Amino acid sequence: MADRDSALRLDLGNKPGLIADADQRGVVYLVGAGPGNPELLTLRALYLMQKADVVLYDRLVGPEILALVRSDAQQFDVGKARDNHAYTQARINQLLVEHARAGKRVLRLKGGDPLVFGRGGEEIEALIAAGIPFQIVPGITAATGCAAYAGIPLTHRGMAHACVFLTGHFADGEDHVDWKALARPGQTLVFYMGVYHLEKICGRLLEHGMSAQTPAAVVQEGTLPGQRVVAAPLGLLARSAIDRAKPGIVIIGETVKLSPYFRSSGQLDARQAGRPASPPAEAAPVEDLASASAHFCSGEAREGHWEACADQRLRG
Ligand SMILES: C[S@@+](CC[C@H](N)C(=O)[O-])C[C@H]1O[C@@H](n2cnc3c(N)ncnc32)[C@H](O)[C@@H]1O
């Protein structure tokens with residue numbers, strides 16, 4: 001274990017304002033661990049993982065990342081699954097305060113970025129109220145990580161001039177979302193926690209005038225070896241073969257159709273010579289949604305990927 005720790009130690013000097021400043025005690029570091037792939041951790045995150053005495057981590061922080069935490073650190077799995085909150089937010093806040101007051105370097109390790117749908121703000125409020133010093137370390141958020149690994153540009157000249165991050169949990173309570181504005185073309189919508197409410201999300205956008213042909217995708221286990229990208233026109237996405245038990249991110253907008261073309265070289269299907277020769281054309285129009293069958297497109301990039309989705313649907 002000691003070898004593992006020393007192998008990971010970073011020699012980045014002791015420059016003010018850079019990362020070698022974690023000798024302070026009684027402090028909480030709110031750190032983003034990125035979307036799951038350990039190679040997407042920041043140097044700062046890795047450094048603090050090596051320094052922390054106590055680590056409180058979330059459900060989406062996987063074993064590959066936890067293996068990089070200092071081996072003798074005290075670890076708490078405080079992850080909250082839907083309808084299973086073994087550790088309430090109040091209890092997590094309390095643990096952060098208690099361990100910092102005991103003079104520990106406390107690492108609060110969160111999936112993605114701590115301040116993007118991560119409840120990091122509530123923890124900061126609790127730390128401020130208790131007079132505990134803290135630092136915030138950003139991470140690659142699921143939207144940008146998953147989009148990059150799926151070959152989907154979130155903005156693209158002439159196609160998407162804006163990108164909106166939303167939570168799919170709106171349906172759990174009062175719905176204050178301006179669906180009319182979201183249904184307008186020229187933007188990419190990214191729904192975190194969107195798989196559970198996929199029907200409602202797609203339905204609302206269609207009701208408010210978004211074209212049923214708008215390219216859309218669900219990315220699950222994004223950036224990890226098991227990444228799956230299910231792409232379909234918006235009108236059919238909710239009927240596609242998506243694993244409803246796994247969290248995923250829902251991306252809706254014209255740029256989704258670039259996915260097979262923009263997929264990183266290392267992710268191209270080995271059976272194919274390479275990426276499509278040109279960006280995929282528009283998806284075929286959906287004329288009769290009621291009779292169109294649901295379909296599935298794997299995460300593998302292959303020639304004519306988007307058209308293949310449309311063809312499969314029309315044949316079905
Ligand atoms: C509670 S939010 C936390 C978001 C996190 N703070 C971030 O910045 O990415 C959890 C949601 O993020 C999305 N998510 C996180 N990691 C993901 C991944 N590797 N692949 C797909 N979706 C992911 C899913 O929508 C999941 O339900």
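## Close-up views of a predicted model

**View 1. R119 sits in the loop between β4 (105-110) and α5 (120-130).** The model shown here is predicted. R119 has a positive phi of about 60°, although R119 is not a glycine. Is R119 buried, exposed or partly exposed? A residue is buried with 20 or more other C-beta atoms within 10 Å, exposed with 12 or fewer, and partly exposed in between. R119 has 15 C-beta neighbours inside 10 Å, so R119 counts as partly exposed.

**View 2. E221 lies in the loop between β8 and β9.** E221 is not a glycine, yet its phi is positive, at about 50°. How many C-beta neighbours does E221 have inside 10 Å? The count is 20, so E221 counts as buried. The cut-off for buried is 20 or more.

**View 3. An open sheet has 5 strands.** Follow the order across the sheet: β6-β7-β10-β8-β9. The pairing is mixed. Which strands stand at the edges? They are β6 and β9. Each has a single partner strand, so one side of each is left without a neighbour in the sheet. From one strand to the next, the twist averages 20°.

**View 4. β6 and β7 pair in the parallel sense.** The pairing runs over 6 bridges. Look for L166: F191 in β7 stands opposite.

**View 5. A162 belongs to strand β6 (residues 162-167).** Is A162 buried or exposed? A162 has 12 C-beta neighbours inside 10 Å, so A162 counts as exposed. The cut-off for exposed is 12 or fewer. Leaving out residues up to four places away in sequence, A162 touches G186 and Q187. Now find T188. A162 and T188 are 26 residues apart in sequence. In space, they are 6.4 Å apart, C-alpha to C-alpha.

**View 6. Helix α6 lies across β6, β7, β8, β9 and β10.** Take β10 as the reference strand. α6 runs at about 70° to β10.

**View 7. The largest nonpolar core has 40 residues.** Which residues have the most contacts inside this core? They are A217, L237, I249, V250 and I251.

**View 8. L237 has contacts with L198, C202, A216, V218 and A232.** This list does not count residues up to four places away in sequence. L237 is also among the residues with the most contacts inside the largest nonpolar core.

**View 9. A second core is separate and has 31 residues.** Pick out some of its members. They include A33, L46, L56 and Y57.

**View 10. The ligand is surrounded by 23 residues.** Which residues are the closest? They are G112, G118, A142, G222 and P247. α6, β8 and β10 are the elements that give two or more residues to the shell around the ligand. How does this shell divide by class? There are 11 nonpolar, 9 polar and 3 charged residues.

Note on methods:
Residues numbered from 1 in each chain as written. Predicted model: local features only at pLDDT ≥ 70, side-chain atom pairs only at ≥ 80, totals over all residues. Core = buried A, V, L, I, M, F, W, Y, C linked by C-beta atoms within 7 Å. Contact = placed C-beta atoms within 7 Å. Helix = DSSP H or I, 4+ residues; strand = E, 2+ residues; numbered from the N terminus. Pairing = 2+ DSSP bridges. Axes fitted to C-alpha atoms, helices over the stretch in contact; angles between N-to-C directions. Near = placed C-beta within 6 Å. Nonpolar A, V, L, I, M, F, W, Y, C, P; charged D, E, K, R; others polar.
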